[in-house]
Amino acid sequence: MHIHNLSINNSILNAFLAEIRSKDIQKEYMRFRRNIERIGEILAYEMSKSLTYKAQTLETPLATTTINLMLNNIVLCSILRAGLPLHNGLLNYFDSAENAFVSAYRKHKKDSESFEISVDYLACPKLENKTLILADPMLATGQSILATLEALKPFGIPKEIHLVAVIGAKEGIDDVSKKVPENTHLWIAAIDPVLNSKGYIIPGLGDAGDLAFGQKLQS
Ligand code: URA
């Protein structure tokens, strides 16, 4: 897997990451969602540099010119519910992408911190030969991404897969890396060192779904 960690260079991205991580600033739901969306826009821009382009001719009011435009047929897939603000950010740039949604959530075992990933709802167009972008803001254990890729198999084999995450844990990224096709790309804003016993990324930011949309009852 090709890992593109945008934090290795300083940029305005750092300011948005600081706001979603700060325990005081992150409490404002709208600001949290908008910052995730802004990070999605930056990740989309960076990823767009790796796509396929072809020269197209167009007329300005004054002359004819050519410009290289993207050829990829993109399907943008997000994992509900935490993925929605990141999805919006990506969709702000990939205007004509098709969209897929999956509900993959942590189903906790009774009286235990362990969990399995449950995939319930899935809405997806054909994926055959298309560019699949799978967005999951927090790549913790990587199990949601792997369960989603498995659930998407009946929809066809994409030409290429781009995973997009805001923060990932090193061990989850290593595990995903071993299980996805070699030419898969990961576009990520920051990589953190560890997971805690509950599968949360440390230092991370907490629960991205709760911070974007409010707390939920544990299932
Ligand atoms: N999901 C989150 O929202 N946060 C984590 O740290 C891990 C998974």
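Modeller: A residue is called buried when its relative accessible area is under 20%, exposed when it is over 50%, and partly exposed in between. The model discussed here is predicted.

Colleague: Which residues of helix α4 are buried?

Modeller: Helix α4 runs over residues 143-152 and is mostly covered, with eight of its ten residues buried. The buried residues of α4 are Ser-144, Ile-145, Leu-146, Ala-147, Thr-148, Leu-149, Ala-151 and Leu-152.

Colleague: How wide an arc do the buried residues of helix α1 cover around the axis?

Modeller: In helix α1, residues 13-21, the buried residues are Leu-13, Phe-16, Leu-17, Glu-19 and Ile-20. They sit on the same side of α1, because the arc they cover around the axis is only 160°.

Colleague: What covers the buried residues of α1?

Modeller: One of those residues is Leu-17. Setting aside residues up to four places away in sequence, Leu-17 touches Ser-7, Ile-39, Val-166, Ile-167, Ala-189 and Ala-190. For the buried residues of α1 taken together, the cover includes α2 (29-48), β9 (160-169) and β10 (185-192).

Colleague: Is Ser-103 buried or exposed?

Modeller: Ser-103 lies in strand β5, and it touches Leu-80, Ser-118, Val-119, Asp-120 and Tyr-121, leaving out residues up to four places away in sequence. Its relative accessibility is 15%, so Ser-103 counts as buried.

Colleague: Which residue in β6 is the bridge partner of Tyr-105?

Modeller: Strand β5 (residues 98-108) and strand β6 (residues 115-123) run antiparallel and are joined by seven bridges. In their hairpin, six residues lie between the strands, and Asp-111 takes a positive phi near 55°. The partner of Tyr-105 in β6 is Ser-118.

Colleague: What distance separates the side chains of Asn-92 and Glu-41 in their polar contact?

Modeller: Asn-92 lies in helix α3 and counts as partly exposed, because its relative accessibility is 38%. Not counting residues up to four places away in sequence, Asn-92 touches Glu-37 and Glu-41. The polar contact between the side chains of Asn-92 and Glu-41 is 2.6 Å.

Colleague: Which residue has a backbone N or O atom 2.7 Å from a nitrogen atom of the ligand?

Modeller: The residues around the ligand are Arg-106, Met-138, Ala-140, Gly-199, Tyr-200, Ile-201, Gly-206, Asp-207 and Ala-208. A polar backbone atom of Ile-201 is 2.8 Å from an oxygen atom of the ligand, and a polar backbone atom of Ala-208 is 2.7 Å from an oxygen atom of the ligand. The residue whose backbone atom lies 2.7 Å from a nitrogen atom of the ligand is Gly-206.

Definitions and conventions. Residues numbered from 1 in each chain as written. Predicted model: local features only at pLDDT ≥ 70, side-chain atom pairs only at ≥ 80, totals over all residues. Heavy atoms only, no water. Pairing = 2+ DSSP bridges. Helix = DSSP H or I, 4+ residues; strand = E, 2+ residues; numbered from the N terminus. Buried < 20%, exposed > 50% of the residue type's maximum accessible area, 1.4 Å probe, protein only. Contact = heavy atoms within 4.5 Å. Arc of directions from axis to C-beta. Near = heavy atom within 4 Å. Polar contact = N/O pair within 3.5 Å; in protein donor to acceptor, adjacent residues only side chain to side chain.
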